[in-house]
Amino acid sequence: MSPFIRKIIAVIVVLVVANVGFVWYGQASFDTTFQSLAKAFSENNATAIRQPNPPAAIARQIERSKIAQNGYGTIVLQLEGTYRRKPSSKAIAMHALALLRPTPDMLWAVRLESNPIVTFNALETYHGGRAKMQTMLFGIIPTGEFDSEAFAKSELTRVLAYALFNPALLACECIAYEPVDAHRTRATISDGGISVTVLFESDEKGDIVKVTSDDRVRPVKGGMAPAPWQMTVQNYGDLDGLRIPVSVEEAWILEGKPAVYADYRVTSAKRL
């Protein structure tokens with residue numbers, strides 16, 4: 001092997017090691033930030049006033065979740081799946097942690113892996129009518145930030161839809177329910193001066209298997225744009241004493257058709 005080739009190989013090895021170290025440092029820094037926020041989130045033991053008589057479909061969902069026997073102050077979910085930024089994009093690996101409370105609050109951390117080297121992180125929070133999302137390359141290089149009122153409404157919509165993972169929220173007095181028919185219930189949540197609505201749809205067995213809303217915004221070039229949205233539950237399972245969705249798809253409705261952007265499994269749930 002010539003000296004020149006050896007030098008080229010040495011340079012490549014150094015670059016790879018440096019890049020791996022950079023990625024590791026960025027992820028460690030992001031994880032430290034998330035853990036600090038998660039600690040504060042979990043220690044804030046906020047409670048919500050329960051509504052006495054939710055509609056039959058909602059009462060059934062609450063009962064089936066086993067929340068009466070297995071209460072919590074915070075539930076921590078771990079998710080694994082794939083994500084597409086736009087319908088034509090290649091699906092990339094997605095790893096996420098979500099913290100939810102029986103109140104309209106959410107902390108959401110996501111790591112997207114374009115390849116073994118390039119990673120993107122996003123940290124999203126919702127509380128009291130305010131929402132913020134920060135995106136970072138390698139966990140440390142800022143690439144975007146969203147904190148508009150439209151984004152806050154979009155995140156509150158997620159909080160309401162994610163009550164399927166967080167069944168204690170379904171009983172919150174902050175939600176107004178309106179039965180539409182035997183299988184559909186309209187739900188409106190009000191918090192921090194804003195209100196959003198979703199439609200819960202149940203199957204023949206009584207499980208809520210679909211959530212739709214017009215109150216979300218999706219990422220587009222240059223920012224966010226409104227788009228109809230749906231979440232579909234493929235399977236329920238028992239995790240840490242609760243019966244919650246364990247296989248889920250989320251999609252934007254574009255030109256009248258669902259464009260799936262997230263497909264994931266809930267791999268663990270922990271009640272705190």
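**Phe165 and its surroundings**

Leaving out neighbours within four places in sequence, Phe165 is in contact, meaning heavy atoms within 4.5 Å, with Ile75, Leu77, Leu100, Met231, Ile244, Pro245, Val248, Tyr264 and Val266.

A word on the source. This is a predicted model, in which local features need pLDDT of at least 70 and side-chain atom pairs count only at pLDDT 80 or more, while totals for chains, interfaces and linings use all residues. Residues are numbered from 1 along each chain as its sequence is written, and side-chain values use heavy atoms, with hydrogens and water left out.

pLDDT, the predictor's confidence in each residue from 0 to 100, averages 86 for the protein, and 83% of the residues score at least 70. Over residues 9-26 the pLDDT is below 50, and this stretch has 14 contacts in the model beyond near neighbours in sequence.

Now the core. A nonpolar core is a set of buried (under 20% relative accessible area, 1.4 Å probe, protein chains only) Ala, Val, Leu, Ile, Met, Phe, Trp, Tyr and Cys residues joined through side-chain atoms within 4.5 Å. The largest has 64 residues, and those touching the most other members are Leu77, Tyr162, Phe165, Phe200, Met231 and Tyr264. Another core, apart from it, has 7 residues, among them Phe41, Val76, Ala109 and Leu123.

Technical notes: Buried means under 20% relative accessible area, exposed over 50%, partly exposed in between (1.4 Å probe, protein chains only).
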